[in-house]
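Hi,

Here is the structure I promised to pass on. Have a look at it first, and my notes on what turned up follow below.

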Amino acid sequence: MKVDVSAKQISMPRQCACCSGSPSMELQASASKKRGKTQFTNSWAFPYCSQCAAHVGRYNAAFAVLGGGIAVGALGMLFYSSWCALIGIVGVGGWLFLMNSAHAMRGAACACTGAAVSYMGWHGTLHSFHFVSHSYATQFMHANRNKLVNLTQAQHQLLGGSSAGMATPSRRIRRT
Ligand SMILES: [Zn+2]
Ligand SMILES: [Zn+2]
């Protein structure tokens, strides 16, 4: 579910963004944009339980192995020997293995295997998020109900009241 918030501070519901269990750590949801030669990155810390943080980490590792294997294999084939295609195949095998184990680490209440929150970007103080967990999205909307914009009819119907801690985004500016 996509949720737009217009605010400098956003309230984070204290529950795991994936399984709604009690959180024990935070994972960053980041977005970047380029203006001229400067790249701006904003990120928000969302709460996760340790089990969910582990399956999200495994899921991300699977894609890193896949991308790395294919890139190294393709470069090797181009400049060295067609046997380097094997590196790509090993990458795909590693991806399958890690994806399977990430799936196996999921609990019954988990919303997904990868990150449960994506930060889709910002425009001034307008921040857009995508939540996989319906339960977390509802809590998030309750906690930030006065700051929500572009609400759909269905989202209007979900709203009520809740308590949460405040958060601000961490900013990183890199000039290239
Ligand atoms: Zn969880
Ligand atoms: Zn989970």
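Phenylalanine 40 has isoleucine 173, in strand 9, as its bridge partner. The two strands involved, strand 4 and strand 9 (residues 170–175), run antiparallel to each other and are paired over six bridges. Do keep in mind that this is a predicted model.

On strand 3, strand 4 makes another antiparallel pairing, this one over 11 bridges. There, glutamate 26 is bridged to proline 47 of strand 4. Strands 3 and 4 form a hairpin with two residues between them, and glycine 36 in the turn shows a positive phi of about 65°.

Now to helix 1. At 1.5 Å a residue, its 30 residues should span 44 Å, and the end C-alpha atoms lie 43 Å apart, so the two values agree. Its buried residues include Cys52, His55, Arg58 and Tyr59, as well as Gly69 and Gly73. Strand 3, strand 4 and helix 2 are among the elements that cover the buried residues of this helix.

And what about the core? The largest nonpolar core holds 34 residues, with Cys18, Tyr48 and Cys52 making the most contacts inside it. Elements that each supply at least two of its residues include strand 1 (2–6), strand 5 (117–123) and helix 3 (134–143). Helix 1 gives the largest share, six residues.

Best wishes

Methods
Residues are numbered from 1 along each chain as its sequence is written. Chains are lettered from A and ligands numbered from 1 in the order in which they are written. This is a predicted model: local features need pLDDT of at least 70, side-chain atom pairs count only at pLDDT 80 or more; totals for chains, interfaces and linings use all residues. A nonpolar core is a set of buried Ala, Val, Leu, Ile, Met, Phe, Trp, Tyr and Cys residues joined through C-beta atoms within 7 Å. A residue is buried if 20 or more other C-beta atoms lie within 10 Å of its own, exposed if 12 or fewer, and partly exposed in between; C-beta atoms are placed from the backbone. Helices (H or I, at least four residues) and strands (E, at least two) are DSSP runs, numbered from the N terminus. The expected span of a helix is 1.5 Å times one less than its number of residues. Two residues are in contact if their C-beta atoms, placed from the backbone, lie within 7 Å. Two strands pair if DSSP finds at least two bridges between them.
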